[in-house]
Amino acid sequence: MTLTFQDIFKSSFLENMSGVSLLDMALALTLAFGIGLFIFLVYQKTYQGVMYSSSFGVTLIALTMITTLVILAVTSNVVLSLGMVGALSIVRFRAAIKEPLDITFLFWAIAVGIVLAAGLIPLAAIGSAVIGVVLLVFVNRKAHVDPYILVLQCDSGEGERQAAAFLEARTRRCAVKSKTVQEDAVELDLDVRLKDADTSFVNELARLPGVRSAVLVRYNGDYMG
C-alpha cells in the first residue's frame with residue numbers, strides 16, 4: 001500500500017489533536033494568567049520612569065499566556081514546531097523600549113510561559129516569587145542614593161568657593177560635570193549625592209552671598225563617575 005504525503009499529514013494531524021488535554025491547557029493558562037498578573041503588579045511597584053504605560057503592564061500578562069499557548073502547541077506536534085519557528089522568524093517588533101528594566105519584565109514573562117508549558121510549575125512559581133522580591137528590594141531603594149544634577153549660578157569665583165565649601169559639608173558627594181565662565185557669572189553643573197532625602201539645603205545654598213540661583217534636578221539613566 002502506498003502512502004501519499006497527504007495521508008501522512010492527515011494521520012499526524014489527527015493523532016496530535018489529543019496531544020494536550022483540556023485539563024492541562026486550562027491549568028497552564030490559568031497559572032500563566034496568575035503569574036502574569038503577579039509580574040504586572042511587580043512592574044507597577046517598581047516603575048520609576050516618567051510616563052507610566054498601563055498597556056505595557058497588560059502586555060506582560062498577555063505575553064505570559066501567549067508564550068504558554070505557543071509552547072504547548074510546539075511540544076505536542078513536531079511538525080508544528082518547525083512551522084512555528086519559520087513563522088516567528090519573520091516577525092519584527094519595532095516598539096521602542098523606554099526603560100532598560102522593561103526588558104527584564106519582557107524576558108521574565110516569556111520565561112514563565114515556557115517553563116509553565118513544560119510542566120515545571122514549582123520552578124515557575126518559586127522562581128517568579130524570588131525574582132519579584134529581588135526587584136522590589138533593589139529597585140525601590142532609598143531616594144537619597146539616586147543621582148541629582150545641581151545647576152548653580154554664581155557672581156564670581158568667591159561665590160563659587162563658598163558654595164563648594166557648603167556642598168562639601170551638606171552632601172555625600174559633589175563632583176563638577178561642567179563649568180561655564182562668563183564676564184560676570186560662573187555656571188556649574190554638579191553631580192550631587194544626598195546624605196538623606198532632605199533637599200532643604202538648596203534653599204540655604206541659594207541665599208549664600210555670591211550665589212544667584214540653585215536648581216536641583218533628579219535624573220535617571222546612565223552616567224559616568
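The exercises below work through a predicted model, from its overall fold to single residues. Local features need pLDDT of at least 70 and side-chain atom pairs count only at pLDDT 80 or more, while totals for chains, interfaces and linings use all residues. Residues are numbered from 1 along each chain as its sequence is written, and side-chain values use heavy atoms, with hydrogens and water left out.

**Exercise 1. Overall make-up**

Task: State how many helices and strands the protein has, and in what order the elements run.

Solution. Helices (H or I, at least four residues) and strands (E, at least two) are taken as DSSP runs, numbered from the N terminus. On that basis the protein has 8 helices and 4 strands. From the N terminus on, the order is α-α-α-α-α-α-β-α-β-β-α-β. Next comes burial: buried means under 20% relative accessible area, exposed over 50%, and partly exposed in between (1.4 Å probe, protein chains only). Of the 225 residues in the protein, 28% are buried. Last come contacts, meaning heavy atoms within 4.5 Å. Among contacts between residues at least 6 apart in sequence, 74% join residues at least 24 apart.

**Exercise 2. Helix 2 and helix 6**

Task: Find how the axes of helix 2 and helix 6 are arranged, and which residues make the contact.

Solution. Two packed helices are described by the angle between their axes and the distance between the axes. Axes are lines fitted to C-alpha atoms, for helices over the stretch in contact, and angles run from 0 to 180 degrees between N-to-C directions. The axes of helix 2 (residues 22-46) and helix 6 (residues 121-139) come within 10 Å and cross at roughly 5°. Helix 2 contributes L27, L31, I35, F38, V42, K45 and T46 to the contact, and helix 6 contributes I121, A124, A125, S128, A129, G132, L135, L136 and V139. These residues divide into 12 nonpolar, 3 polar and 1 charged. Here Ala, Val, Leu, Ile, Met, Phe, Trp, Tyr, Cys and Pro count as nonpolar, Asp, Glu, Lys and Arg as charged, and the others, Gly among them, as polar.

**Exercise 3. Two threonines and a valine**

Task: Describe the surroundings of T64, T68 and V112.

Solution. T64 lies in helix 3, and so does T68, the helix spanning residues 54-76. At 0% relative accessibility T64 is buried, and T68 is buried at 0%. A polar side-chain atom of T64 lies 2.8 Å from the backbone oxygen of L60. Setting aside residues up to four places away in sequence, T64 is in contact with A32, G36, I39, A109, V112 and G113. With that same exclusion, T68 touches A28, A32, G113, L116 and A117. V112 belongs to helix 5 (residues 100-117) and is buried at 4%. Beyond four places in sequence, V112 is in contact with I35, I39, T64 and S128.

**Exercise 4. R218**

Task: Is R218 buried or partly exposed, and which residues does R218 touch?

Solution. R218 sits in strand 4 (residues 211-218). Its relative accessible area is 39%, so R218 is partly exposed. Not counting residues up to four places away in sequence, R218 touches D146, P147 and Y148.

Notes. A polar contact is a pair of N or O atoms within 3.5 Å; within protein, one must be able to donate a hydrogen and the other to accept it, and residues adjacent in sequence count only if both atoms are side-chain atoms.
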